[in-house]
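Here is a short report on one protein chain.

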Amino acid sequence: MNAILIDTDVGTDVDDALALALAACWAAVDLRAVTTVTTNPRLRARLARKLMLLAGRPDVAVAAGCGPTLLRTKPGLSLGHEGQGILENSEDGQDFHPEHAVDLIVDTLRNSPTKPTLVCMGPLTNVALAIIKEPFIVERLERVILVGGCLSAERMGGGEFDIPEQVAHMLEHNLNSDGEAAQVVWEAGLPLLLVPTDLTYRLWFDEAEVALIGSGSSPLRQALHAACEIWLPIFRGLTGGIGLPETFARAYLHDPFAVALAGNPALAQTRPAQVMLQSLDGQLRTREIAGGPPNMEIVTALDAPMAKDLILRCLTGTCDAADEGMG
Ligand SMILES: [Ca+2]
């Protein structure tokens with residue numbers, strides 16, 4: 001089984017919560033630790049901890065990490081709804097791990113008998129700081145799955161939406177939110193696997209699928225459903241503000257896909273590539289250099305129906321079993 005660590009900005013977009021539930025409940029991955037990053041990291045740690053408890057996984061250590069970016073050059077994204085639908089009172093999730101996220105990442109890697117996979121679902125501040133603090137961790141990772149980057153605006157629209165180049169890069173959150181941290185991660189010599197967001201924007205739960213998650217009585221499913229319902233109108237407002245149609249605002253599965261891929265590599269086609277970071281118009285952009293010496297693997301295609309089926313089946317089946325103490 002694949003040992004995994006997750007670094008997440010759970011709480012803003014709902015996809016991190018779905019991904020954490022998947023990782024906690026799915027037998028194909030062995031979730032060892034969860035660390036949180038970006039503005040309000042302690043609130044995000046409470047959320048992750050609560051999700052682990054709802055999933056019947058009190059054994060998974062959850063630690064809070066960096067709020068500000070590595071060089072404190074940018075405010076993080078926090079919209080005010082974080083925690084709603086999942087945290088019920090001020091005590092909920094407070095018993096997360098006392099160590100800082102960076103130390104939990106380092107200690108988990110130092111003590112792991114096998115090389116785990118690190119799944120990065122948020123800005124890369126914690127990961128960059130962990131590398132700076134303890135460079136040995138680079139050798140202790142089997143793979144680092146990065147959710148982020150945009151390699152094709154056209155592919156992001158999928159023939160359904162006409163997304164201008166600048167808007168496509170605006171929709172890329174993780175690398176853009178802490179460019180200096182991304183640069184550290186880029187240059188560290190890690191075994192990176194990039195899951196570009198222009199591909200994961202082609203994977204989402206429709207309204208019926210969101211409703212299906214809420215149709216179960218388990219507290220975990222109820223919490224996930226509530227978080228989806230809270231997020232979607234907020235996302236509609238955000239994407240409307242940058243000129244995208246209402247229909248674009250869906251429950252996208254960026255982060256759940258990364259977990260699914262950690263447990264089942266057959267969900268994607270990958271190849272080596274050279275991907276560089278470039279600053280343009282205040283944005284951090286990812287660009288593949290054709291023919292350049294590879295610095296990572298990139299996902300070039302994903303099996304959306306198979307991935308969605310796996311994620312949905314786990315969230316509506318195995319998660320129930322976990323709630324009942326059978327997981
Ligand atoms: Ca995320």
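A residue is buried if 20 or more other C-beta atoms lie within 10 Å of its own, exposed if 12 or fewer, and partly exposed in between, with C-beta atoms placed from the backbone. By that count Gly-122 is buried, with 32 other C-beta atoms within 10 Å.

The model is predicted: local features need pLDDT of at least 70, side-chain atom pairs count only at pLDDT 80 or more, and totals for chains, interfaces and linings use all residues. Residues are numbered from 1 along each chain as its sequence is written.

**Confidence and overall shape**

pLDDT is the predictor's confidence in each residue, from 0 to 100. Its mean over the chain is 93, and 97% of the residues reach 70 or more. Over residues 322-327 the pLDDT is below 50. That stretch still has 15 contacts in the model beyond near neighbours in sequence. Two residues are in contact if their C-beta atoms, placed from the backbone, lie within 7 Å.

The chain has 13 helices and twelve strands. These are DSSP runs, numbered from the N terminus: helices (H or I) of at least four residues, strands (E) of at least two. The radius of gyration is 18 Å, close to the 20 Å that the globule rule gives for 327 residues, so the chain is as compact as a globular protein of that length. That radius is taken over C-alpha atoms, and the rule is 2.2 Å times the number of residues to the power 0.38. The C-alpha trace spans about 50 × 45 × 35 Å along its principal axes. Of the 327 residues, 51% count as buried. Among contacts with a separation of 6 or more, 82% join residues 24 or more positions apart.

**The sheet**

Two strands pair if DSSP finds at least two bridges between them. Eight strands form an open sheet, ordered E3-E2-E1-E4-E5-E6-E12-E9, with mixed pairing. Its edges are E3 (61-64) and E9 (268-273), each pairing on one side only. From one strand to the next, the twist averages 25°. Angles run from 0 to 180 degrees between N-to-C directions; axes are lines fitted to C-alpha atoms, for helices over the stretch in contact.

| Pair | Sense | Bridges | Facing residues |
|---|---|---|---|
| E10 (residues 275-280) and E11 (residues 283-288) | antiparallel | six bridges | Gln-278 with Arg-285 |

E10 and E11 form a hairpin with two residues between them.

**Helices on the sheet**

Helix H2 (residues 41-54) lies across E1 (2-8), E2 (29-36) and E3, running at about 165° to E3. Helix H12 (residues 254-263) also packs on the sheet, touching E1, E2, E4 (117-120), E5, E6, E9 and E12 (296-302). The direction of H12 makes about 160° with that of E5. How many of the ten residues of H12 are buried? Ten of the ten are, and the helix is mostly covered. Among them are His-254, Asp-255 and Phe-257.

**The core**

A nonpolar core is a set of buried Ala, Val, Leu, Ile, Met, Phe, Trp, Tyr and Cys residues joined through C-beta atoms within 7 Å. The largest one has 108 residues. Those with the most contacts inside it are Leu-20, Ala-21, Leu-22, Ala-23, Leu-51, Val-195 and Ala-258. Helix H1 (residues 15-25) gives the largest share, nine residues. Leaving aside neighbours within four places in sequence, Leu-51 is in contact with Ala-17, Leu-20, Ala-21, Ala-24 and Ile-86.

Thr-38 sits in the loop between E2 and H2. Its phi is near 85°, a positive value in a residue other than glycine. Thr-38 is buried, with 29 other C-beta atoms within 10 Å.

Asp-281 lies in the loop between E10 and E11. Its phi is also positive, near 50°. Asp-281 counts as exposed, with 9 C-beta neighbours inside 10 Å.

Gly-122 is in the loop between E4 and helix H4 (125-133). Beyond neighbours within four places in sequence, Gly-122 is in contact with Asp-7, Thr-8, Asp-9, Val-37, Thr-38 and Asn-174. Gly-122 and Asp-16 are 106 residues apart in sequence and 8.7 Å apart in space, C-alpha to C-alpha.
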